[in-house]
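Thanks for coming. I have one structure to go through today, so please look at the screen and I will talk you through it.

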Amino acid sequence: MLLSPGYRRLLLLCVLLGVPIALACFFFVGLQHQLQHWVWTSLPEAAGYDTPPWWWPLPALVLAGLILAPIVTRMPGAGGHLPVNGLGGPPVGPKALPGAVLAALATLPLGVVLGPEAPLMAVGSGLALLAVRRAGAGGDQRAGAILATAGSTAAISTILGGPVAAAVLLIEGAGLAGSQLVVLLLPCLLASATGSLVFTGFGQWTGLKIGALALPDLPPAANPDAGDFLWGIPTAALIAVVITLARELGHRTVSWTRRHTAVRTVACATAVGVCVAAYALITGRSPAEAALSGQAALAQLAADPHAWPVGALIALVACKGLAWGIALGSLRGGPIFPAVLLGTATAMACSGLPGFGATPALALGISAAAAAVTGLPLSSAVLAVLLTGGDAYDQMPLIVTASVVSFVVSQVVRRTEPEAAHAPTTGTTG
């Protein structure tokens, strides 16, 4: 198959597809960030507030629920995948793509406590399938499935720091091996590399924030020692419990919203707003820290962890975790970014323990949270390594250990839950 003319044409098409997919993702993320800045910065300043007041999330989230309700009940595709089901599920086709994009652009900037990764994957797979149909190859289901996966992988690579993390996510999520892995991996790598290059280039050219998950500033480097492992292993287990219990709340929310979906979607969005407002009331900090996906808050936490009192970190985990659990089963967006912030905040709250450093806590928090929410320990360790940059070499044993511990503990906790209530949560696009 690798030497056949049809497969070589498929590889070329994946390179070509990477360009429009990256451009679509760039303008999608750029518009989302502009709307988010307007809602949480420009509009409060115009109203005379330096930061959004504690009540700001309440009308914003009610509006998000009112916008989302008709999308999930009347538009094809119901606004995209439910985030409680992870990034898995069938590819989003061209008919369902408008609803997924509208749901994301209309609600993510309002603070629905979810990330952009799932909508971006919908953009990638939808555009790839549209290209297949326009080219008259819609009857080739195998080629369509490969191109849809390549499109979604190219899209997710734009915000995961490049094609390496996306490729590892694909390998581990798809569960392939041998020749099957090579056949699917090559198109995805080419599309991801092309898309990442275009996405980054446009970000530098236009100056727009592209929303990639990155930590430009980190705490001072420190080699992990016995104290870091002594406290790090139970901290990773705690993170797994927190993430898994929040996802269980998401599954229960799905069951509750199956009836009277429109009304209960608005009710869930309002409940998310109450949780975010409660965080601002308890801590006196900006509600945006709990309302948004977590990219900005994660970077701030990594750059200056001592600026966050332990009480504020605990309040963030409690309030944002509750809001995230509700949003997982009722709203639309990606589950990974908020989970990473929850895990990091939990680890940083524990970093004051004797012998536990801030840098090891940051690294294990990212790895443990990603493993718990995705069920992909290798991908989670790679993501943590890429985010911690130059400090990754010293922290790698702790990163890997935290990922494995979190994965095992999350599986143990899930075994105590009714299996019928859960859908698959791993994989990329199915």
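I will start with the largest cavity: α6 (163-174), α14 (358-374) and α15 (377-388) each supply at least two residues of its lining. The model is a predicted one, so please keep that in mind throughout. Which helix gives the most to that lining? α15 does, with three residues. The residues that line the largest cavity are Leu 160, Ala 165, Leu 169, Ile 336, Ala 370, Thr 374, Ser 379, Ser 380 and Leu 383. Its volume is about 100 Å³. A search over the whole structure turns up four cavities of 30 Å³ or more. On the idea behind such a search, rolling a probe the size of a water molecule over the atoms shows where empty space is left.

Staying with α14, take Ala 371, which is found in that helix. With a relative accessible area of 0%, Ala 371 is buried, because buried means under 20%. Leaving out residues up to four places away in sequence, Ala 371 touches Leu 376, Pro 377, Ser 380, Ser 403, Ser 406 and Phe 407. Ser 380 in that list is also one of the residues lining the largest cavity. Leu 383, another lining residue, is 12 residues from Ala 371 along the chain, and their C-alpha atoms are separated by 10.0 Å.

Now the chain as a whole. Its secondary structure comes to 16 helices and zero strands. There are 430 residues, and buried ones make up 57% of them. Of the contacts with a separation of 6 or more, 80% are between residues 24 or more positions apart.

Helix α3 (residues 97-107) has 11 residues, and eight of them are buried, so α3 is largely enclosed by the rest of the structure. The buried ones are Leu 97, Gly 99, Ala 100, Ala 103, Ala 104, Leu 105, Ala 106 and Thr 107.

Next, charges. How many salt bridges are there? The count comes to two.

In one of them, the side chains of Arg 252 and Glu 248 meet, at 3.0 Å from N to O. Both residues lie in helix α8 (residues 226-257), four residues apart, which is about one turn of the helix. Are the two partners buried or exposed? Arg 252 counts as exposed, at 55% relative accessibility, whereas Glu 248 counts as buried, at 10%.

The other salt bridge joins Arg 285 and Glu 289, with the closest N and O atoms 3.0 Å apart. Here Arg 285 is partly exposed at 23% relative accessibility, and Glu 289 is buried at 11%.

While we are on α8, Thr 257 also lies in that helix. Thr 257 has a relative accessible area of 8% and is buried. Not counting residues up to four places away in sequence, Thr 257 touches Arg 264, Cys 268, Gly 329 and Ser 330.

Glu 117 sits in helix α4 (residues 117-134). Glu 117 is buried, and the nearest side chain of opposite charge, Lys 320, is 11 Å away. What does the side chain of Glu 117 reach? It reaches the backbone nitrogen of Ile 336, at 2.5 Å. Ile 336 has already come up, as one of the residues lining the largest cavity. Beyond neighbours within four places in sequence, Glu 117 is in contact with Leu 87, Ile 156, Ile 159, Gly 334, Pro 335, Ile 336 and Phe 337.

Val 276 counts as buried, at 1% relative accessibility. Setting aside neighbours within four places in sequence, its contacts are Pro 57, Val 113, Pro 287, Ala 290 and Ala 291. Gly 321 is 45 residues from Val 276 along the chain, and the C-alpha atoms of the two are separated by 9.9 Å.

Methods
Residues numbered from 1 in each chain as written. Predicted model: local features only at pLDDT ≥ 70, side-chain atom pairs only at ≥ 80, totals over all residues. Heavy atoms only, no water. Buried < 20%, exposed > 50% of the residue type's maximum accessible area, 1.4 Å probe, protein only. Lys, Arg positive; Asp, Glu negative; His and termini not counted. Salt bridge = Lys/Arg side-chain N within 4 Å of Asp/Glu carboxyl O. Polar contact = N/O pair within 3.5 Å; in protein donor to acceptor, adjacent residues only side chain to side chain. Contact = heavy atoms within 4.5 Å. 1 Å grid on protein atoms, 1.4 Å probe; cavity = no way out; pocket = protein on both sides within 12 Å on 5 of 7 lines; lining within 4 Å. Points joined across faces, edges and corners; volume = space filled by probe spheres on them.
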